[in-house]
Amino acid sequence: MSHGPRSGLAAVSSALLAMSRHLEVRDVLKTIVASARELLDAQYAALGVPDDHGGFAQFVVDGVSEEQWKAIGPLPRQHGILAAMLHEARAERLADVRKDPRFEGWPKAHPDLVDFLGLPIRDGDEVIGALFLANKNCERPQGGCGFTEDDEELLGILAQHAAIALTNARLYERSRELTIAEERSRLAHELHDAVSQKLFSLRLTAQAAARLVDRDPSRAKGELQQVAVLAAEAADELRAAVVELRPAALDEDGLVATLRTQIQVLDRAHSARVTFTGHGVKALPASQEEALLRVAQEALHNALRHSGADHVDVTLDRRGNGAVLRITDDGGGFDPSVVRRAGRHLGLVSMRDRADGAGGTLTVESAPGKGTVIEMEVPGG
């Protein structure tokens, strides 16, 4: 191989470990491409995942700047060498891709590719992607250099493991989609059981008030006050249900930024002082980040709505490969030993379920008149 045996094995090991660390499909694709380019010392690498319409559902490149990639234009179609790899499911190793009869050119901003090595990524009999490299970094004497049989063999090993990593990532995303669907179904039932009943009571109370306005104004006034109470409770339950949906900000901005933004909003919206600090927390598996966010939201809701706290402090700190979340308030507190009442009223059962589901732990410290501390720890990935 072009690498020494020891350095080659180390490089392959590093590439495989890097692929196994990611669960999101896009992250896996980026890692495969970067690993292949580094491992075989090429200027350019790309990986395309085909769609069912003659194009690519996803196409990831390495070695091309973002500005250059934008200038290249739309994703390529399944034609030429790419089509051969996808449809014939065989490797393509060319000294000069431009001289191949199947070559059909490329856009004006596209880099000039010469030597070329491409392999299909297969899951059983299904081709789930095309991985290719171009322009091997080496001295180019008159005879040229390029990718060798050893390079092709090495890329073949990488492609096999890439298929496993990509399949696992797809299964993970499908599992998440099913979980989200189940969660939405649960929320629909909760809305029906709670909010719908509340709104039905509100309508009946309003009708009663309307009938009493003329003959008993004082009773009508009481019924209207009850209408206001029921409307406020329904609004609170609707907000709680909406909060249950995973916010896009968590995927886009990460846990620390999402927590900071939400806590800033709460600080402005409530008379209590709400603060947040985060220290050295790295990215965590999506399930753990979502569980931490949900527990923080539930604990903050309790502190701001029920505890009478003047100050609520949220901290998120790194602990080993994971993180620990702490929500502290100086409110009225409660007796944690009264599990049934406290669990129902403060959502402790739900918070513990979220912590358990993410492989973490939840502890609660409180006493009447002494405030409350809720701490959740997750192990990381």
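Me: In this predicted model, which residue forms a salt bridge with E152, and how far apart are the closest N and O atoms?

Reply: A salt bridge is read from a side-chain nitrogen of Lys or Arg lying within 4 Å of a carboxyl oxygen of Asp or Glu. Here the partner of E152 is R93, and the closest N and O atoms are 2.9 Å apart. E152 belongs to helix 5, which covers residues 149-212, while R93 belongs to strand 3, residues 92-94, so the pair ties together parts that are 59 residues apart in sequence.

Me: How many salt bridges does a search of the whole structure find, and which residues are linked in a network of them?

Reply: The search of the whole structure finds 14 salt bridges. The residues linked in a network are E88, R90, E92, D100 and R102.

Me: Which parts of the chain does the salt bridge between D62 and R37 tie together?

Reply: The side chains of D62 and R37 meet at 2.9 Å, N to O. D62 lies in strand 2 (residues 56-62) and R37 in helix 2 (residues 25-40), so this pair ties together parts that are 25 residues apart in sequence. D62 is partly exposed, with a relative accessible area of 22%, and R37 is also partly exposed, its relative accessible area being 27%.

Me: How should I read a nonpolar core, and which residues have the most contacts inside the largest one?

Reply: In soluble globular proteins, nonpolar side chains tend to be buried together. The largest nonpolar core here has 34 residues, and those with the most contacts inside it are L259, L292, L316, L325, L362 and M376. Among the elements that each supply at least two residues of this core are helix 8 (255-269), helix 9 (286-305), helix 11 (348-357) and strand 7 (311-319). Helix 9 gives the largest share, 9 residues. To see the packing around one member, take L316: leaving aside residues up to four places away in sequence, L316 touches, among others, L259, F276, L292 and L325. A second, separate core of 29 residues includes V25, V28, L40 and V60.

Me: How many aromatic pairs does the structure hold, and how is the pair of F59 and W69 arranged?

Reply: A pair of aromatic rings is described by the distance of the centres and the angle of the planes. The structure holds 5 aromatic pairs. For F59 and W69, the ring centres are 6.0 Å apart and the planes stand at 5 degrees, so the pair is stacked. F59 lies in strand 2 and W69 in helix 3 (residues 66-72), so the pair ties together parts that are 10 residues apart in sequence. F59 is buried, with a relative accessible area of 7%, whereas W69 counts as partly exposed at 24% relative accessibility. The rings of F103 and W106, by contrast, have their centres 4.7 Å apart and their planes at 75 degrees, so that pair is edge-to-face.

Me: Which residues do ring pairs link into a cluster?

Reply: The cluster is made up of F56, F59, W69, F116 and F132.

Me: What does the secondary structure of the protein chain come to, and what percentage of its residues are buried?

Reply: The chain comes to 11 helices and 10 strands, and buried residues make up 40% of its 381 residues. Among contacts between residues at least 6 apart in sequence, 61% join residues at least 24 apart.

Methods:
Residues are numbered from 1 along each chain as its sequence is written. This is a predicted model: local features need pLDDT of at least 70, side-chain atom pairs count only at pLDDT 80 or more; totals for chains, interfaces and linings use all residues. Side-chain values use heavy atoms; hydrogens and water are left out. A nonpolar core is a set of buried Ala, Val, Leu, Ile, Met, Phe, Trp, Tyr and Cys residues joined through side-chain atoms within 4.5 Å. Buried means under 20% relative accessible area, exposed over 50%, partly exposed in between (1.4 Å probe, protein chains only). Helices (H or I, at least four residues) and strands (E, at least two) are DSSP runs, numbered from the N terminus. Contact means heavy atoms within 4.5 Å. Rings of Phe, Tyr and Trp (its six-membered ring) pair if their centres lie within 6.5 Å; planes under 30 degrees apart count as stacked, over 60 as edge-to-face and the rest as tilted.
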